[in-house]
Amino acid sequence: MSELSLPLLGSLPNRLLRLYAGLALYGVGVGLQIESHLGGSPWDVFHQGLSIHLGLSIGIWIIVVGALVMLLWIPLRQKPGVGTLSNVVFLGLFADAAMWLIPAPDPLIARWAYLLLGVVATAAATGLYIGAGLGPGPRDGLMTGLNRLGLSIRSARTVIEVTVLAIGWLLGGTVGAGTLIFALAIGPLSQFFMPRMRPRG
């Protein structure tokens, strides 16, 4: 995760534009993956499971879970930024809007296209909003906070994502090929997009 410590470049308006463009694109990525019905990211399987069992939209659960995760930042001594708070508030709204606007595909090839576009969009969005340098998302901050306690980034991410995936699956969230593809592809794709999405001026 050395990309998180890269020097920040660009004016504040430029960085804010990238932040909100990244959150909007991330919401589209979430919507595409869920509408594919081929399996979403571990966190989205969790949000979907909560929606199935407790009602409310997936986007609302993204907001609620993000806010609750931020409470865990307190003992971890993590400090939120504008990007963190914006992530909590807007990501779920963008995801719900995307799922409302994007038609559900029927042919399998269209569903695979949704899935693959969703994973790529999520990775590009990660580069945009983290590259803006205005604070990590609540889930990213939980991972880096555990890292400060001694867990490696890889171990922290694995523990968190396996836990939420298992709970989401038990709640009825869709686990499938898309979940595996996301797990394998999101790291390399994010690493590819991160330096290319940073503000340059």
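Reader: Is arginine 77 buried or exposed?
Author: In this predicted model, arginine 77 counts as exposed, because its relative accessibility is 68% and exposed residues are those over 50%. Arginine 77 lies in the loop that connects α4 (73–76) with α5 (82–101).

Reader: And what about the phi of arginine 77?
Author: Although arginine 77 is not a glycine, its phi is positive, at about 60°. Histidine 37 also has a positive phi, of about 55°, and is not a glycine either.

Reader: Where is histidine 37 found?
Author: Histidine 37 sits in the loop between α1 (12–36) and α2 (42–54). With a relative accessible area of 45%, histidine 37 is partly exposed.

Reader: Let me switch to the helices: at what angle do α3 and α7 pack?
Author: Helix α3, residues 58–71, and helix α7, residues 138–148, pack at an angle of about 30°, and their axes are 9 Å apart. Because angles under 35 degrees count as roughly parallel, α3 is described as roughly parallel to α7. The crossing of these two helices, α3 and α7, is left-handed.

Reader: Which residues make the contact?
Author: From α3, the contact involves Ile62, Val65, Gly66, Val69 and Met70, while α7 contributes Pro138, Arg139 and Leu142. Sorted by class, the contact of α3 with α7 consists of six nonpolar residues, one polar residue and one charged residue.

Reader: What else is isoleucine 62 in contact with?
Author: If its neighbours within four places in sequence are left aside, isoleucine 62 is in contact with Val30, Asp44, His47, Leu91, Gly92, Ala95 and Arg139.

Reader: Now for the inside: which residues of the largest nonpolar core touch the most other members?
Author: That core has 16 residues, and those touching the most other members are Leu19, Tyr26, Val30, Ile62 and Tyr129.

Conventions. Residues numbered from 1 in each chain as written. Predicted model: local features only at pLDDT ≥ 70, side-chain atom pairs only at ≥ 80, totals over all residues. Heavy atoms only, no water. Helix = DSSP H or I, 4+ residues; strand = E, 2+ residues; numbered from the N terminus. Buried < 20%, exposed > 50% of the residue type's maximum accessible area, 1.4 Å probe, protein only. Axes fitted to C-alpha atoms, helices over the stretch in contact; angles between N-to-C directions. Parallel < 35°, antiparallel > 145°, perpendicular 65-115°, else oblique. Left-handed = near helix turned anticlockwise from the far one by under 90°. Contact = heavy atoms within 4.5 Å. Nonpolar A, V, L, I, M, F, W, Y, C, P; charged D, E, K, R; others polar. Core = buried A, V, L, I, M, F, W, Y, C linked by side-chain atoms within 4.5 Å.
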